[in-house]
Amino acid sequence: MQIVKQLENLRQAVDELRTRGKIALIPTMGALHEGHLSLVQRAQKSSQAIVVSIFVNPTQFGEGEDLDSYPRQLEKDAALLEAAGVDLIWAPDVAAIYPDGFATGISVSGVSEGLCGASRPGHFDGVATIVAKLFNQVRPDLAVFGEKDWQQLAVIRTMTRDLDFTLPHADQIIGAPTKREGDGLAMSSRNRYLSIEDRASAAALPRAMKAAIAAIGIGGNVDAALDVLRATLLNAGFNTVDYAELVDAQSLEPLTTLIAQHPARLILAARIGGTRLIDNMAVTLK
Ligand code: AMP
């Protein structure tokens with residue numbers, strides 16, 4: 001496994017990998033956990049070479065967010081990725097990605113605007129721009145993202161389709177299921193910020209989501225189920241619920257009722273002890 005930090009070395013390294021067949025790219029911010037490694041496993045099914053990027057992208061962090069404290073552990077991440085069978089780590093520094101004079105941004109309207117887009121202004125512009133750059137730098141045949149960040153996946157699919165990306169083509173943006181801890185909490189690099197007490201309370205999040213999904217799935221009132229969900233989280237020790245909504249799985253438009261055969265998602269963000277957790281799950285009519 002190679003670790004590349006300069007763009008001029010990346011091109012040659014990727015060209016060598018291309019001789020093996022299809023290249024998969026998995027963009028990450030490092031601080032890797034089993035969720036990230038499950039993306040590697042998914043990529044292995046559809047490619048012959050795997051590139052993982054590790055870059056804590058400053059432009060997707062807002063004022064007062066955790067850019068400075070975000071965990072950085074390249075050596076440990078590299079050991080995990082090597083053991084998982086990854087071929088190349090692309091780990092540029094900030095100056096290599098945003099040199100002096102950098103002036104271009106990508107903004108995806110619609111799917112970027114509600115939910116996390118509303119509570120984290122500018123976040124998805126930062127995500128779309130860095131992912132477009134990574135796609136142009138690596139030119140992968142396919143790219144794997146976690147369904148954990150459902151809105152991010154929708155933004156990237158829209159961007160690659162709208163801008164006619166060919167490598168990867170919009171059809172080759174693959175979503176992989178969310179990997180969870182034993183108690184159901186979605187794995188996240190930010191879970192390590194939680195105190196022992198808050199970590200225990202955080203298990204209420206997937207539990208309360210499942211209860212809301214069960215209520216909505218048997219035809220229960222959506223607003224009432226979401227009210228119960230918010231109240232349950234606040235009772236469990238969450239400080240705030242940024243949003244909790246039933247949305248169309250593709251457009252992310254809010255839904256007030258569940259329609260048979262129409263894919264829907266329960267999606268939410270909530271804060272506990274200063275840590276912002278996000279999650280989403282499929283909702284189907286029983
Ligand atoms: P991050 O490093 O948090 O930016 O995440 C990098 C990629 O890993 C994104 O595509 C995430 O959606 C994905 N990811 C993060 N957590 C999980 C998880 N628990 N299960 C599956 N994928 C995940």
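By class, how many nonpolar, polar and charged residues does the shell around the ligand have? The shell has 7 nonpolar, 7 polar and 3 charged residues, where Ala, Val, Leu, Ile, Met, Phe, Trp, Tyr, Cys and Pro go down as nonpolar, Asp, Glu, Lys and Arg as charged, and the others, Gly among them, as polar. The model is a predicted one, so local features need pLDDT of at least 70 and side-chain atom pairs count only at pLDDT 80 or more, while totals for chains, interfaces and linings use all residues. Residues are numbered from 1 along each chain as its sequence is written, and side-chain values use heavy atoms, with hydrogens and water left out.

Now for the ligand itself. It is surrounded by 17 residues, and the closest are Met29, Gly146, Asp149, Lys179 and Met187; to be near, a residue needs one of its heavy atoms within 4 Å of the molecule. At least two residues of the shell come from each of strand S2 (23–28), helix H2 (34–46) and strand S5 (142–146). Helix H2 gives the most, with 3 residues. Helices (H or I, at least four residues) and strands (E, at least two) are DSSP runs, numbered from the N terminus.

For Asp149, a side-chain N or O atom is 2.6 Å from a ligand oxygen. Met29 uses a backbone N or O atom instead, at 2.9 Å, and His36 has a side-chain N or O atom 3.0 Å from an oxygen of the ligand. Taken alone, the ligand exposes 490 Å², and the protein buries 93% of that (Shrake-Rupley method, 1.4 Å probe).

What about the rings? Rings of Phe, Tyr and Trp (its six-membered ring) pair if their centres lie within 6.5 Å, with planes under 30 degrees apart called stacked, over 60 edge-to-face and the rest tilted. The count comes to 5 aromatic pairs. One of them, Tyr98 with Phe102, is edge-to-face, at 5.0 Å centre to centre and 80° between the planes. Tyr98 counts as buried because its relative accessibility is 15%, whereas Phe102, at 33%, counts as partly exposed; buried means under 20% relative accessible area, exposed over 50%, and partly exposed in between (1.4 Å probe, protein chains only). Ring pairs link Phe55, Tyr98 and Phe102 into a cluster.

How values were computed. A polar contact is a pair of N or O atoms within 3.5 Å; within protein, one must be able to donate a hydrogen and the other to accept it, and residues adjacent in sequence count only if both atoms are side-chain atoms.
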